[in-house]
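Please read this briefing alongside the sequence and the coordinates. It is arranged by topic for a reader who wants the cut-offs stated with the values.

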Amino acid sequence: VYFRPYAGDHNAGYILLDLDQPVAGILARLRSQGHAPCVVVETSPGRWQAWIRISPQPLPPAVATLAARRLAQLYDADRASADWRHLGRLVEFTNHKRERRQADGFSLG
Amino acid sequence: VKLIYARDCLAPNGAALLEAVAARPLPPPALASPIDFPPLRGLYQACLDRLSIRERYPAPDWSIADRWVARELLETGAAPAPWLPRYYVTAVPAFHAGMPIPRTTCAGLSAPLRCFPARPSAARPTDPPARALCASVAGLGADWDTGFAYT
């Protein structure tokens, strides 16, 4: 199950950082650089998604995309996921990626 | 999917980040695409109509609508999987003035569909102009039915 903060045809002020290989201390680094995330989730072992609220007001798509790309570049996140309306995984639901599916058809939590 | 950390906060340097990106000069306009836009827009519009998206959702979330359209194109064989990312970064933004669909979305779309059993050729829609267009854009031969999306 995916979601994103919604503000119509604008970005809601939140940027998703897709950290496929988060390095040690990444959270401390985000905070020290003034980009403290408001939510961090582990989508599968070793893969994180961080939501960073960069504006209390909705942002135009082009601006939000540039900000997402800048953050992805700064923190070595997945640049393919750096856009103004990227969806993130919702906490407490399962990740049904094929590689996480078990023989019985269920996914790892 | 597990929660690691949650806190109601605005990034202290969010405003500085926005100033920095606002100061950055806009990228030059995209180079003219070798793809002919009007037919692609027609293909997209046909999919929207077939899925009745406008009727069902007067103000659709385009990121979801695009995904449905991509799935429809793959399932019906109207477009080969390798061609979809190119389609989305060229035709769709021009159509509804959104941003390009991330390539990962398109890549993710094609993977599960490969599990589906092959459809008999007769079940595939036969829209010669659209199919010919797809084949030419993707650099495929006339028999591109074989080996794409359903294998």
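This is a predicted model: local features need pLDDT of at least 70, side-chain atom pairs count only at pLDDT 80 or more; totals for chains, interfaces and linings use all residues.

Residues are numbered from 1 along each chain as its sequence is written, chains are lettered from A and ligands numbered from 1 in the order in which they are written, and side-chain values use heavy atoms, with hydrogens and water left out.

**Interface of chain A and chain B**

- Chain A places 44 residues in contact with 32 residues of chain B, where contact means heavy atoms within 4.5 Å.
- About 3200 Å² is buried between chain A and chain B, and carbon and sulfur atoms give 61% of that area. Buried area is the accessible area (1.4 Å probe) that two parts lose on being put together, summed over both.
- A:Leu66, A:Arg70 and A:Arg85 supply 19% of the area that chain A buries against chain B, more than any other three residues.
- The elements of chain A that give two or more residues to the side touching chain B are strand S5 (39-44), strand S6 (47-53) and helix H2 (61-74). Helices (H or I, at least four residues) and strands (E, at least two) are DSSP runs, numbered from the N terminus.
- H2(A) gives the largest share of that side of chain A, seven residues.
- By class, the side of chain A that touches chain B has 22 nonpolar, eleven polar and eleven charged residues. Here Ala, Val, Leu, Ile, Met, Phe, Trp, Tyr, Cys and Pro count as nonpolar, Asp, Glu, Lys and Arg as charged, and the others, Gly among them, as polar.
- Zero salt bridges are counted between chain A and chain B; a salt bridge is a side-chain nitrogen of Lys or Arg within 4 Å of a carboxyl oxygen of Asp or Glu.
- Nine residue pairs across the interface, both residues at pLDDT 80 or more, are in polar contact. A polar contact is a pair of N or O atoms within 3.5 Å; within protein, one must be able to donate a hydrogen and the other to accept it, and residues adjacent in sequence count only if both atoms are side-chain atoms.

**Strand pairing between the chains**

- S5(A) is joined by four bridges to strand S1 (residues 2-6) of chain B, and the two run antiparallel. Two strands pair if DSSP finds at least two bridges between them.
- In this pairing A:Glu42 stands opposite B:Lys2.
- B:Leu3 also lies in S1(B). Leaving aside its neighbours within four places in sequence, B:Leu3 is in contact with A:Val39, A:Val40, A:Val41 and A:Val91.
- B:Leu3 is partly exposed, with a relative accessible area of 46%. Buried means under 20% relative accessible area, exposed over 50%, and partly exposed in between (1.4 Å probe, protein chains only).

**Strands within chain A**

- S5(A) and S6(A) run antiparallel and are joined by five bridges, with A:Glu42 opposite A:Trp48.
- The hairpin of S5(A) and S6(A) has two residues between the strands, and A:Gly46 takes a positive phi near 85° there.
- Six bridges join S6(A) to S4(A), again in an antiparallel arrangement. A:Leu16 stands opposite A:Trp51, and A:Asp18 has A:Gln49 as its bridge partner.
- S4(A), residues 14-19, is mostly covered, with five of its six residues buried.
- S6(A) is largely enclosed by the rest of the structure, because five of its seven residues are buried.

**A:Gln49 and A:Arg89**

- A:Gln49, in S6(A), is buried at a relative accessible area of 7%.
- Beyond its neighbours within four places in sequence, A:Gln49 has contacts that include A:Leu16, A:Val41, A:Thr43 and A:Leu87.
- The side chain of A:Gln49 reaches the backbone nitrogen of A:Arg89 at 2.9 Å.
- A:Arg89 is found in strand S7 (residues 88-89) of chain A and is buried, with a relative accessible area of 9%.
- The side chains of A:Arg89 and A:Tyr2 are joined by a polar contact of 3.0 Å.

**Chain B**

- Chain B has seven helices and one strand, in the order β-α-α-α-α-α-α-α from the N terminus on.
- Of the 151 residues in chain B, 41% are buried.
- Among contacts in chain B between residues at least 6 apart in sequence, 64% join residues at least 24 apart.
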